[in-house]
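Please keep the structure in view while reading.

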Amino acid sequence: MASFALPHFLTHRLLRNHRRNRCRCGSTSATNESSTAVVWFKHDLRVDDHPGLLAASKHRAIIPLYVFDHRILSRYTTDTLELAILALEELRNSLKKQGSNLMLRYGNAENVIEELVKEVRAPFVFVEEEVEYHLSEVLDAVKKKLEGVSLPGEPPRIVVWRTPFYESQNLMDLPQSWEEFKKLKLPLTLPVPAARFTSPGNELQWGPVPTLDDLKDYMKESLCEKENSWRDMAQASAQRVLMERIGNLKGSSIEPTVDGSLRKKVPNSAFVTRKGDTVGGGTEVVLNALAGYLRYLEGTSRDDWQEVHARLRDAEIRPGASFFKLFGPVLCLGIVSRRRVHYEAIEYEKERNAGFVSPFGYSAATVSAATDAVCSMEWYSLVALNRERIDVKKRSVRIWRWKGYLIQYTVAGNEGPAVLLVHGFGAFLEHYRDNIESIVNRKNRVWTITVLGFGKSEKPNIIYTELLWAEFLRDFMIEVVGEPAHCVGNSIGGYFVALMAFLWPALLKSVVLVNSAGNVLPGYSPLPISRERRVSLGAKLGARLLLLFLQFNVKKLLKDCYPVKPERADDFLITEMLRASQEPGVVMVLESIFGFDLSLPLNYLLKGFEEKTLVILGMKDPISDPKKKVALLKELCSAILIKKVNAGHCPHDEIPEEVNPIICEWIVKINNDEQELKASSQQIYLSNKQN
């Protein structure tokens with residue numbers, strides 16, 4: 001598979017002299033100027049700063065293609081589908097201005113591309129590099145299909161391109177630590193100009209842009225009944241479901257309150273979706289909104305920029321959070337590139353400072369918000385790319401994109417029940433390092449995940465809540481696992497699992513709580529749920545002080561959690577926790593500690609689910625009072641199975657040889673109970689039918 005990335009010197013040359021806008025790709029063997037090339041769009045819905053289009057423009061003609069593939073679109077929310085349709089309309093208009101068009105086709109990408117390549121005899125298909133596992137699988141399927149296509153000369157090939165943010169030719173050489181990476185002081189690359197190219201002719205069927213309703217109908221037809229029902233389940237927020245469950249939804253406002261003036265139609269508005277809470281449209285519209293966002297401090301008489309400023313204030317739930325709230329979706333769809341955003345922000349900073357950029361920080365908070373966000377996104381993208389390359393011979397680490405954020409997970413096992421392992425606060429998927437193999441060997445399939453905000457998963461500038469993390473696990477179950485699972489959670493991860501069981505019980509076969517966070521309270525009655533949380537000044541200061549304390553004391557704190565086998569709190573765990581504590585966004589995660597609402601006790605969350613709940617308690621836990629919890633659970637939740645072990649806060653990692661059999665035997669018991677229930681129900685049904 002050919003691959004290229006435009007080097008730093010080439011972007012300068014292109015900006016100085018881009019006669020005919022031809023991209024001089026270093027790999028000349030990967031092009032044939034007399035041929036037709038296909039450019040397959042996925043999450044790169046733009047003409048501006050598009051290295052793939054620029055390289056493809058070297059060919060005689062190009063066919064820009066977008067495939068409505070249900071495997072890709074099934075991960076989109078309704079809001080994202082709407083944004084994608086608007087972006088495709090503008091992309092088609094932009095391509096027409098450049099001398100081409102946009103082809104829209106439906107079906108599996110490998111079949112669509114194979115047919116198109118045969119139809120136009122295109123020996124090259126240009127496509128952006130992927131880090132997401134499910135998209136990489138689609139890309140591999142396309143590559144395999146093309147291997148069977150016979151064209152004059154050589155068989156068609158995939159040419160993979162990317163938009164390099166930093167000047168680095170070898171991802172293998174990049175350090176794993178953000179602090180070490182910053183010390184490299186790699187130069188930034190510049191956006192490349194839009195290309196001009198010719199279309200192969202009007203005889204091709206380009207296809208109409210669908211309406212949102214058309215696309216939703218197509219998705220319903222493409223997905224099975226269970227997929228559609230689970231997709232519907234993901235549409236409602238955890239807060240709404242929680243309020244429905246506890247009975248205080250009536251009279252409560254779930255949706256954010258927006259100033260009525262913002263609902264007025266504004267000329268040249270960038271808020272074009274039905275909800276109107278994020279920027280949408282084509283690249284030109286988005287860049288105009290970005291210009292307005294960056295100039296917030298200046299004020300403006302322009303209606304469209306005033307609208308952006310009003311939305312900014314509404315979305316600024318913590319410093320800088322408004323940028324990703326407003327521009328995150330269009331960045332994830334590739335309507336603008338990360339380096340274009342960075343370039344525009346720095347150019348504005350220079351405009352404010354007589355052509356200079358101060359080494360002591362930016363002069364506008366909006367510039368800091370934009371540059372911090374795209375630099376953070378780029379870092380986690382590099383981590384994802386680097387991780388895929390380093391762990392080729394180890395257990396496969398996969399990437400899942402959730403709401404635009406990159407998440408790491410692993411899968412092991414080929415048969416048996418599904419099991420999901422969820423770590424605690426400050427940990428990561430490797431905390432189950434000595435559990436996975438043992439559970440798999442008992443004929444189970446095991447998913448482990450690094451939760452948003454921890455380990456090498458992304459740490460965005462958002463407000464982290466227990467409801468957000470519950471939604472995160474729900475969507476992972478729906479999009480990745482794809483079936484009900486036995487969910488195991490340690491510490492705060494146990495609370496997230498219990499909350500998921502309360503809100504969406506159909507997603508879980510059983511719950512295993514390992515020294516779970518959360519109280520057990522008699523006579524509990526739920527209180528009204530607040531609509532929105534914001535970060536207090538005390539939380540900001542507390543998070544920074546807590547971070548310093550943790551960094552200086554992580555070794556002692558970790559060993560205290562392993563009182564029976566302190567050697568299990570080894571250098572690997574300590575080093576990885578320290579590394580993660582230095583990554584961009586970690587302070588925002590720590591702020592969540594001061595805003596957690598764990599008021600719903602475990603006995604309330606697990607009501608009706610007790611017979612499918614196993615509690616494993618390390619009786620030497622220094623963080624909680626396990627003896628008291630055992631007594632209360634026996635009193636209030638008699639159907640819950642409790643296993644006491646001689647360990648601390650993380651018994652699954654401290655004494656895996658004891659905990660693994662307990663988990664495996666529990667899974668067997670639940671599955672046997674389920675089979676017996678099915679057999680009994682079937683027998684009753686047949687008996688009634690005979691009578």
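R71 has a relative accessibility of 25% and therefore counts as partly exposed, a class between buried (under 20% relative accessible area) and exposed (over 50%), with a 1.4 Å probe and protein chains only. Its side chain meets that of D69 in a salt bridge, at 2.6 Å from N to O; such a bridge is a side-chain nitrogen of Lys or Arg within 4 Å of a carboxyl oxygen of Asp or Glu. D69 is buried because its relative accessible area is 0%. The model is predicted, so local features need pLDDT of at least 70 and side-chain atom pairs count only at pLDDT 80 or more, whereas totals for chains, interfaces and linings use all residues. Residues are numbered from 1 along each chain as its sequence is written, and side-chain values use heavy atoms, with hydrogens and water left out.

The structure holds 36 salt bridges. One of them joins the side chains of E674 and K509, at 3.9 Å from N to O. This pair links distant parts of the chain, 165 residues apart, with E674 in helix α25 (residues 656-690) and K509 in strand β12 (residues 508-514). Helices (H or I, at least four residues) and strands (E, at least two) are DSSP runs numbered from the N terminus. E674 is partly exposed because its relative accessibility is 26%, while K509, at 18%, counts as buried. In another bridge, the closest N and O atoms of E583 and R579 are 2.5 Å apart. E583 counts as buried at 3% relative accessibility, and R579 counts as buried at 8%. Salt bridges with shared partners also join R433, D434, R568, D570 and D653 into one network.

On a 1 Å grid over the protein atoms alone, a cavity is a set of points where a 1.4 Å probe fits but cannot get out, and a pocket is an open set with protein on both sides within 12 Å along at least five of seven lines; lining residues have an atom within 4 Å of a point. Grid points are joined across faces, edges and corners, and a volume is the space filled by probe spheres set on the points. The whole structure contains six cavities of 30 Å³ or more. The largest cavity holds about 530 Å³ of space, and of its 27 lining residues the closest to the centre are E128, E129, R338, S381 and R401. Helix α15 supplies the largest share of this lining, five residues.

The second largest pocket has a volume of about 1,200 Å³. Of the 47 residues that line this pocket, F425, G426, S491, I623 and H649 are the closest to its centre. Helix α19 gives the most to the lining, with eight residues.

F552 has its place in helix α19 and is exposed because its relative accessibility is 71%. Together with L541, L545 and L548, F552 forms a nonpolar patch on the surface.

Most residues other than glycine have a negative phi. The phi of N268, however, is positive, near 60°; N268 lies in the loop between α10 (238-246) and α11 (283-294) and counts as exposed at 63% relative accessibility. A354 has a positive phi near 55°. Its place is in the loop between α14 and α15, and A354 is exposed, with a relative accessible area of 68%.

Technical notes: Patch = residues over 30% accessible without salt bridge, like charges linked within 9 Å, V, L, I, M, F, W, Y side chains within 5 Å. Areas by Shrake-Rupley, 256 points an atom, 1.4 Å probe, with all protein chains shown as cover.
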